[in-house]
Amino acid sequence: MSEAIDTPEAIAPGDRVAEGGRDLLAKFRPLIEEREALLATGVRDPFSIVMTQVKSPTLAVIQGRDTILLGTYNYMGMTFDSDVIAAGKQAFDQFGSGTTGSRVLNGTYHPHKDCEEALKEFYGADHAIVFSTGYQANLGVISTLAGKGDYIILDADSHASIYDGCWLGNAEIVRFRHNSVEDLDKRLGRLPREAGKLVVLEGVYSMFGDVAPLPEMVAVARKHKAMILCDEAHGMGFFGANGRGVYEEMGVEDDIDFVIGTFSKSVGTVGGFCVSNHPDFEVLRLVCRPYIFTASLPPSVVATAATSIRKLMHAGDKRAHLWKNSRRLHAGLRELGFTIATATAQSAIIAVMLPDQQRAVALWQALLEGGVYVNLARPPATPAGTYLLRCSLCAEHSDEQVGEILAIFAAAGRAVGAI
């Protein structure tokens, strides 16, 4: 008879670290304790919301009640567009549920190429490449363009995917103060003249909803012989005459070398992309690791994206209504006494600033109980000590819904002492 042995199930997870070894999750203990203390006060977890039913781009069922969605990036309301849904269903039936392969091997189907053609049409660009997510688009393009010995000059408030692209490529990172043209100029001037330099900008910065002074920054970057990449994740769809983004609105289309974007916001599905007029752009398909070594998007996803992108080319009325919504909500919240991150409505993002996490969570929960869902943002997604509720408007929000949102904000703000 064999001897009985201890099974792994009999060992507590915390005891599996060898004597003298280090628990690799221990570094997160302060965050765990902070979260536990917050939830012990009786508030809901702001980061575990489940939508049991989504009725439209602006309405979902949360905890059994209809809730206005003011915390999605569904800026143009394309998720329930009948043509977009039909295109996805047709591709699903024709090509199946997925590709099970990389774009450079078996993972390119006709819908992938059609989606890239739609992007070229939308942006008036010579080249387009589709990634599996917007995060991977930044990760892949930035790390491939700038490597060891090169310099990436980026706004200090840049998105995490931009920072991660810098680290993956092992380039030298140079930060400049948020939206400071003067600081950008100064830091570029300190770099070796002949070094490879990539200036990374964002049309709309997602935390505060403010836009970059692109004409002035582009002029500085060109003065120092740097290439320019602009992330238009939050600008695509409603900035510019054709909806291309802030860089179109500000008239610097001919000066931007690479434009990064995502399908998970105005386009209404998932995926990322880069467009460019650089003559050698297509080489990225052979050297960009996050493009080569990941499975491609399901055909149904890129088919919905292509249909949505082509419809966004002719969405002038939607753009106008979205701007109307943004200006009305921004002005209404300021009149109620809330502190807003920007003096005027600069985008579809309205950031309501709170003095601390407790007040922010209290207001977030009061809004949810009143029938409005917004995003709670805290460090490290925001600068240290900054807590805010990020409202993201949609072109499908009706005038009545915006009025209801303002009424619920007024009641919730007074109830928790935020106004």
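1. A word on classes before we start: Ala, Val, Leu, Ile, Met, Phe, Trp, Tyr, Cys and Pro count as nonpolar, Asp, Glu, Lys and Arg count as charged, and the others, Gly among them, count as polar. Please also keep in mind that this is a predicted model.

2. Searching the whole structure turns up one cavity of 30 Å³ or more. The largest cavity holds about 70 Å³ of space.

3. Which residues line the largest cavity? They are R103, H112, V130, F131, S132, Q136, P290, Y291, T294, A295, S296 and L297. The elements contributing two or more residues to this lining are β4 (127-131) and α10 (289-292). Sorted by class, the lining comprises six nonpolar, five polar and one charged residues. R103 counts as charged because Arg belongs to that class.

4. On to the charged side chains. The structure contains 20 salt bridges. A network of salt bridges links R103, K113, E116, E282 and R285.

5. K120 and E117 make a salt bridge in which the closest N and O atoms are 2.8 Å apart. Why are K120 and E117 separated by about one helical turn? Because they sit three residues apart in helix α3 (residues 110-123). K120 is partly exposed, at a relative accessible area of 22%, and E117 is also partly exposed, at 37% relative accessibility.

6. Are the two partners buried or partly exposed? K186 counts as partly exposed, with 40% relative accessibility, whereas D183 counts as buried, at 1%. The cut-off behind this is that buried means under 20% relative accessible area.

7. Finally, have a look at E253 and R244. How far apart are the closest N and O atoms of their salt bridge? The distance is 2.8 Å. E253 is partly exposed, with a relative accessible area of 29%, while R244 counts as buried because its relative accessibility is 15% and the limit for buried is under 20%.

Conventions:
Residues numbered from 1 in each chain as written. Predicted model: local features only at pLDDT ≥ 70, side-chain atom pairs only at ≥ 80, totals over all residues. Heavy atoms only, no water. 1 Å grid on protein atoms, 1.4 Å probe; cavity = no way out; pocket = protein on both sides within 12 Å on 5 of 7 lines; lining within 4 Å. Points joined across faces, edges and corners; volume = space filled by probe spheres on them. Helix = DSSP H or I, 4+ residues; strand = E, 2+ residues; numbered from the N terminus. Salt bridge = Lys/Arg side-chain N within 4 Å of Asp/Glu carboxyl O. Buried < 20%, exposed > 50% of the residue type's maximum accessible area, 1.4 Å probe, protein only.
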